[in-house]
Amino acid sequence: MREGGRPFRAHRTLPVTGIDAHRAGVERLLASYRAIPTDATVRLAKKTSNLFRARAQTSAPGLDVSGLGGVISVDEQARTADVAGMCTYEDLVDATLPYGLAPLVVPQLKTITLGGAVTGLGIESTSFRNGLPHESVLEIDVLTGSGDIVTATPEGENSDLFWGFPNSYGTLGYSTRLRIQLEPVKRYVALRHLRFDSLDELQSAMDRIVTERVHNGIPVDYLDGVVFTASESYLTLGHQTDEGGPVSDYTGLNIFYRSIQHSSVNHPKTDKLTIRDYLWRWDTDWFWCSRAFGAQNPTIRRLWPKNLLRSSFYWKLIALDHKYDIGDRLEKRKGNPPRERVVQDVEVPIERTADFVRWFLDEIPIEPLWLCPLRLREPAPAGASSQRPWPLYPLEPKRTYVNIGFWSSVPIVPGRPEGAANRLIEDKVSDFDGHKSLYSDSYYSREDFERLYYGGDRYTELKKRYDPKSRLLDLFSKAVQRR
């Protein structure tokens, strides 16, 4: 433990970029669009990504987004921020915390961009009360496939793009500016780790806390969980506070997810983090994935530079593995078969969570699993349809879901089709009336994919209006065919 410091202070100098710098960045973006041959697919000229699926190489130049990486302005009174599309959440949080404000949902990894979380899907422990990142967007500027920048709002001329943009993964355009809501935050987050020996009891407690937003008389501002085995699972409840005192530090030798296991059923462990350390509690070890690189070995961890204990560095190691097949080469030397990557987030209705997790633990040799409950925000924003307002990822209003995240690999069984484990999971998620995020490998048939992710005719209509010459890939080509 260490004494609480100054949790609202940015760890790095991060001036708000201002509107002039943003306009210059937009001009560079438009110039790069015009330089792309008309017969070439338009892509981002971006070296890094938080997508796990591979994509085909291209020799065509890409969109220059180098000037779209900052926070344009923060309005403390209105509790809003204007943010460039390629701004990372790390930079966004560092710009808003000095005002005692934070985005309504802050995804777990520092290098996720705001534009990426909105055109894809992001989630975190406020999602049971604040929904998903795109639900706090007030307006958005989008570079469409036709080369125009349009402003989309819930009820304006381009409202169809506003509602259809989430889960389109850059196939309808790229955001250049987003105005988002912010919420007040306190200096610290006090944690309680509740242990469960039964998945059914875990599910019941989670459902109750989502509804009541309180546990044992203490408000619950943050809620997520970890499943280690069918008989060992935890919910972590966070409560904002300005009360000082010692705080924990999980940015060095101590590992956050291992600390959770110090709880017992009858004696929940308590803890406290600064608000900034809480928001990034998972980034230091990329949840538990840093163990694949040896970073959780105590000897190696002591020698590992502290500034490289972060998800952005692990991404570089993953890229090297993809380029040189390092993992499969090592497995082969050990006499083991190659491995199938199973890196996915799925949502299932909360009442089906325990059954799905039991099935998963029996069929897929991966642990731990992350749990994060979510509900669409209520009331729905002005202009929203009363039935499934976000058509490309149709969660039902007034219904609680649980995001289940699992990120590892399994041995490939000879004779089975490519992606056998992922295909099995896709089928089971549909059986459980759930949905799967599209940031990683997908194996759906075109018919099934369009039924699940095209919102009826909505996606096709949006492509015709905003990308009439098909300068951008379509969603099936990008998510399933890996183009």
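**Note on the predicted model**

1. R79 is found in the loop between β2 and β3, where helices (H or I, at least four residues) and strands (E, at least two) are DSSP runs numbered from the N terminus. The phi of R79 is near 55 degrees, a positive value in a residue other than glycine, and with a relative accessible area of 41% R79 is partly exposed (buried means under 20% relative accessible area, exposed over 50%, and partly exposed in between, with a 1.4 Å probe and protein chains only). R482, in the segment after α16 (475-479), also has a positive phi, near 60 degrees, and counts as partly exposed at 22% relative accessibility.

2. On the basis of the model: this is a predicted structure, in which local features need pLDDT of at least 70 and side-chain atom pairs count only at pLDDT 80 or more, while totals for chains, interfaces and linings use all residues. Residues are numbered from 1 along each chain as its sequence is written, and side-chain values use heavy atoms, with hydrogens and water left out.

3. A cis peptide bond, with omega about -5 degrees, joins E367 and P368, and P368 lies in the loop between α12 and β16 (369-374). Most residues other than glycine have a negative phi, and most peptide bonds are trans.

4. S263, placed in the loop between α7 (256-260) and β14 (269-274), counts as buried because its relative accessibility is 4%. A polar atom of the S263 side chain lies 3.0 Å from the backbone oxygen of H193, and a polar atom of that side chain lies 2.8 Å from the backbone nitrogen of K269. Leaving aside neighbours within four places in sequence, S263 is in contact (heavy atoms within 4.5 Å) with H193, R195, Y234, P268 and K269.

5. D441 sits in the loop between β18 (435-436) and α14 (446-453) and counts as buried, at 4% relative accessibility. The side chains of D441 and R341 are joined by a polar contact of 2.9 Å, a term that denotes a pair of N or O atoms within 3.5 Å, of which, within protein, one must be able to donate a hydrogen and the other to accept it, residues adjacent in sequence counting only if both atoms are side-chain atoms.

6. The axes of helix α6 (residues 199-212) and helix α12 (residues 353-363) come within 8 Å and cross at roughly 145 degrees, the axes being lines fitted to C-alpha atoms, for helices over the stretch in contact, with angles that run from 0 to 180 degrees between N-to-C directions. Across this pair, L199, D200, Q203 and M206 in α6 meet T353, A354, V357 and R358 in α12.
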